[in-house]
Amino acid sequence: MGVLSDHVMEEIRALPPQFPEVRSAVMPALDLAQEEIGYLTPEAMSDVAAALNLDPGYVEGVATFYTLFHTEPTGKHRLYMCTNISCKLRGADDLLEHAMRSVGVHEQGEVSADGLFSVEAVECLGACEYAPMMRLDHAYHYDLTPEKVDELITARRNPSPPVPARQTKPRTPRRQKTDG
Amino acid sequence: MAELRGTTNGPVLTRWFGTDDLHRIDVYERLGGYVALRKAITTMTPDQIVQEIKDSGLRGRGGADFSTGVKWSLMPKESAVPMHLVVNADESEPGSAKDRYLMENSPHMLLEGVGIAAYAIRSHQAWIYIRGEYDLPFARLTAGIEEMRAKGYLGPKPFGADWELDIRIFRGHGAYICGEEGALLESLEGKRAQPRAWKPPYPAQKGAWGRPTTVNNVETISTVPFIIDRGAAEYAKFGTEKAKGTRMFTVSGHVQRPGNYEMEIGKTYRDLIEGLAGGALPGRTIKCWWPGGSSSPVMPGDLLDTTTDLDGIKNLANLKDHPAPPLNMGGRGFATMGGSGGVIVMDDTFCAVKAAHRLLQFYAHESCGKCTPCRVGGNWAVRAYDAILSGNGGPQEIKILERVQEGLQGGRCLCGLGDAAGWVIASSLTHYRNEYEEHALHNVCSAEKVGMAANA
Amino acid sequence: MPDVNLTIDGRPVAVPAGTLVVEAAKKLGVEIPVFCYHHKLDYVGACRLCVVEISPGPPIARIACGTPVSEGMVVKTQTSLAVEARADVLEFELVNHPLDCPVCDKGGECPLQDFTFRHGYPTSRIDGPRLHFKKPIPLSDKIALDRERCVLCYRCTRYYDEVAWEQELTVGERGVESFITSQFDRPLQSNFSGNIIDLCPVGALTSRVWRFESRPWDMTSSATICSRCAVGCSVTQWQRRGQLVRVTSRENDDIDEGWICDRGRFDYTDVNDPSRLRTPSVRGSRSSWADAIAELAAGIKGKGSRLGISLPQDITNEEAHLFRALLDGPLKSARVSMQGRTAIPAPSGAATMRIKEIDDARVIVVVASDIEDDVPIVDLRVKKAVGKRGAKLIVIHPDGVDLDRHPGVLHIRNAPGSAAAEVRKLASHEWLQNPGGLVAVLFGDGRGSEDAADLAVACAELAEKVGGKRMPLYRATNERGALALGVAGSDKLDGVEALLIWGPPPSTGIPPSVRFLAAWDHLPRPDYANAAVLLPATTFAERQGTYSNLEGTVQFLRPPIAVPSPLKEGWEVLSELGAALGVTLDYAGISPIQREIAGRVPELAALAHPPDPNPEPRRVLVGPAHP
């Protein structure tokens, strides 16, 4: 019980008066939680719920609906690669594979061994004139080439002190793959 | 900040684009910004503004193409509870980037429009719902609001008038469906963003938090200062008899100069794609194009002379000799639609089936899961495409696609997302049936061969 | 407002303005299939099954559950567009639905089966792989969830949020990946969880108590009344070969609106307990009824106040009436303690409030009761009035209660014992000055912490002053009937020499002073080890009779199981005991007793008018899974 720090809990408790109804504060509150501990664990969601006087189930329902909330560990730097049509037409698929190879992961959502990176293919990010592009560290990066992607990765790998990979708790997948 | 790709010094929306630091309030004001807001609040009544907007012929630029002035006039003139203007800045339609272009380059144009629109509908608190991935536009708008507040344009007495005004920003968290009005309001209320099944009451009676609400698109609201400043007639000079003004188009994909272009409504997509965007890449042929985001039915490459007026574009005559896809909007057939203005261009090196597959993956992934046809149908179609493209398909998969597209259209789904998914299948399958059959029956991709030849 | 006229499939119908097309069709007996629509839940428009064509309007699929009627509207359910659209939705539902109907508890009473049979395509075009979920998942020790069968109609989660004000049941993920889940897969805690089983239109939510117990067509059912508390919800009890195998809700808008609590739904397995008492015994040895009753009579006769009698909370009016005759005669001065009763006195003066009247209250005051626990279904009625109809809510209770979930609640945390004083202060509260309608004053007894008599007076005064009504929240099943019949004693039993325990043993235990112990119960219990006489009793699933619920409504039990020989109806046993004690209580059946009560006790006059034992089955084409 209680994985969020006191000051974050304070910030969350201060949110509801900014909105006509308390539920509107759930997403901003989850933002604060995710920012603090990296991803949304049941404990973190329960903390948010408690601070807002809601059932944790409500918070869980909201958190799992939106793709920017992560209920699994992610890398310190998340590469959100746009792979929708405008970027795909300009080579996004190859870039996605390149990025995954460069950070050393085999599938989307996997965290690189150094804990620094995870790569996610995402839908249109609304910067189609700069395709192919991605979002990384709260900024857009445009006209990507394999070289540019590598530069961005290298810049984050080298100056940063090593970041320990977060403790990951294995979670049973809710849905198995299709049969047949 | 990356180089601007698109119109600068355009007629209306982009008329000051290209000016350094346009996002700063002093620069914006120096060019003539906030004249309209001052004029509106200090010299006009809300009803006069609504009339002016009606007269201008401005229509919703989010894709619905509904008269903005009429929409505003649906709001009650008196209300016991607060009323809200909500700006839809959740731009997520594949191929559309124009709202981002407007917000990050000229945030004050939007904010000024918000002030005018809020005043016109008698709202003291406006909300901008912006998609969570838009970091720079969010930062620019946040800074812009602070600048407005510092100048006293927000708060209890903007421009000395007795009209309390507040603008708040709410960040989305990754869900295309939030561009849908009801889903956006659900999300603003802190819920899972599932579209609302409206029966009376409608948003103008009970919208956000059960209060009277008007939801408008970024581009629509950004146009408002020009109209109030220069007058409805000045705006109505642009465009055609029925479709007034200019609008923003994002051109992306296989063109020489992708960008966000402001163009007078009524010109043709050839003017846009071959003129402003420089046309096909060297040595390539435009195979097809989507006029208004991936949700607008795809058009064959030889139909670029279609005009950009949002009503006229639907006309089946635009299809010329091409067969009409089984498209259904409100019980009627149509050729395609202007949608969000996100023009995606694809040349002959890319496979139509693979493109449709990618789009269906998108619609399936972004289906909120509320209504049955969209939840199940989109995923079922993706699996049919998977089978076709992996060489495991057959005539059965094409039949499934035909079934699913019909089951998604014409009021079957709760909101337009399902219809759009149906339109993608219907238009792609009609115009490029040969490619579907090549894949499904012979496991052959002719576009791939063209592509390999082009790259050789 | 005058009715609105429309036609459905060419047949005219007039319904009140605001009626939905789906309800108007129900009135005509035209079936429009639905999954998500439920007449007690807010409109959601999710399943898209109820497609019809409507003019005026564009020629598109319109949903009957989301369209209010209008004058001159023409609704067609059988156009090719409507028929195909409904069949398409059913086909979509079956794309991933497992075909495990043969082992599904819902099979045989499943709307998905029935609708597919009547509205679906005759042949299947689905031969692809299906999506899979882990199955089944326990949502609690009472409810199982099979996500593969779920059609995501959201009835269960909407019910939880709208009706029960809880979100421990939620929807996770989105799109085709979305699923119903309890929060972080933890067991459901709510006392109202079981209603989701009745609401589920497919076999996704099933009872683990009943799971794999019997096929629906292998049971017979009886429309009866729950005996677990004083609310008196309507229920359907299902039996198979003399075993009570299932309890489901049965909609009664005056009282329960189709909801029952988990105690009422799941707390029935003692009926089938293999150790149930079947025959009388005397000092441990099996005996005849006559011997046992003679022994009992000898043990309790002439004891005066040295005799103690513990009464069950669910004593019927008929039993109470006969028992009263014994108390007036041979058992005069016996100390009587009715189990589970409150300290609230019998109502007097102005009529008390009816449960359904809570709907129209503008301000609701709940005093000295955690109604979620005390009178669960009244709790839901209060939530409806506050959540859906905008009533204001004031709670006077020392502790946090379930109703605090509403952000607008005014909770006055009183020191125990001061509730009456708080109620008196309330008369000047601003909410009660111009309430704009009925004020409901609901009061309990603080489970002993309040002076119930004083509180009752204070609440009556408040109600009178602000133009409201009061509702005493009795807890024991037939507390109000027992009060009317003068048997609802709350005497202390310590010091008695002889004790007759009728029903479960008294919560205070058996006083050490007892020399003669007799018990009349349906189960053997350690407390009865030294009983001189043990009589087998019937349960709520077998006995006939009536209860008066907390609002005073007389309701008739229609037990699904016949009293298994050699058990006897309670009134028969009392009649025989009377004879052994020298009082003639000779009745040919239960009806003469009921008529006699009706003639003597005005509050129970309704006993003379039992409802038709075989009421016309209601035609319910849409709505709860169990009509």
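At what angle do the axes of helix H8 (residues 317-328) of chain C and helix H14 (residues 570-581) of chain C cross? The panels below take up this pair first. The model is predicted: local features need pLDDT of at least 70 and side-chain atom pairs count only at pLDDT 80 or more, whereas totals for chains, interfaces and linings use all residues. Residues are numbered from 1 along each chain as its sequence is written, with chains lettered from A and ligands numbered from 1 in the order in which they are written.

**Panel 1. Helices H8 and H14 of chain C.** The two axes cross at roughly 10 degrees and come within 9 Å; axes are lines fitted to C-alpha atoms, for helices over the stretch in contact, and angles run from 0 to 180 degrees between N-to-C directions. H8(C) and H14(C) are therefore roughly parallel to each other (angles under 35 degrees count as roughly parallel). Helices (H or I, at least four residues) and strands (E, at least two) are DSSP runs, numbered from the N terminus. From H8(C), C:Glu318, C:Glu319, C:Leu322, C:Phe323, C:Ala325 and C:Leu326 meet C:Gly570, C:Trp571, C:Leu574, C:Ser575, C:Gly578 and C:Leu581 of H14(C). Two residues are in contact if their C-beta atoms, placed from the backbone, lie within 7 Å. This contact has seven nonpolar, three polar and two charged residues, where Ala, Val, Leu, Ile, Met, Phe, Trp, Tyr, Cys and Pro count as nonpolar, Asp, Glu, Lys and Arg as charged, and the others, Gly among them, as polar.

**Panel 2. Helix H3 (residues 46-56) of chain B and its buried residues.** B:Pro46, B:Ile49, B:Val50, B:Glu52, B:Ile53 and B:Ser56 are the buried residues of H3(B); a residue is buried if 20 or more other C-beta atoms lie within 10 Å of its own, with C-beta atoms placed from the backbone. They cover an arc of only 160 degrees around the axis, which puts them on the same side of H3(B); the arc is that of the directions from the helix axis to the C-beta atoms. Their cover includes helix H2 (35-43), helix H4 (68-73), helix H6 (107-120), helix H9 (218-230) and helix H10 (232-236) of chain B. After H3(B) comes B:Gly57, with a positive phi near 80 degrees.

**Panel 3. Helix H11 (residues 269-276) of chain B and its buried residues.** In H11(B), the buried residues are B:Tyr269, B:Leu272, B:Ile273 and B:Leu276. Because they cover an arc of only 120 degrees around the axis, they lie on the same side of H11(B). Strand S5 (246-253), strand S6 (259-264), strand S7 (286-290) and strand S9 (342-347) of chain B are included in what covers them. B:Gly278, whose phi is positive, near 85 degrees, follows H11(B).

**Panel 4. The contact of chain A with chain B.** Chain A gives 32 residues to the contact and chain B gives 43 residues. On the side of chain A that touches chain B, helix H2 (26-37), helix H4 (56-65) and helix H5 (85-88) of chain A each supply at least two residues. That side of chain A divides into 19 nonpolar, seven polar and six charged residues.

**Panel 5. The contact of chain C with chain B.** Here 28 residues of chain C are in contact with 26 residues of chain B. Helix H2 (residues 80-95) of chain C supplies six residues, the largest share of the side of chain C that touches chain B. By class, that side of chain C has 16 nonpolar, seven polar and five charged residues.

How values were computed: A residue is buried if 20 or more other C-beta atoms lie within 10 Å of its own, exposed if 12 or fewer, and partly exposed in between; C-beta atoms are placed from the backbone. Angles under 35 degrees count as roughly parallel, over 145 as roughly antiparallel, 65 to 115 as roughly perpendicular and the rest as oblique.
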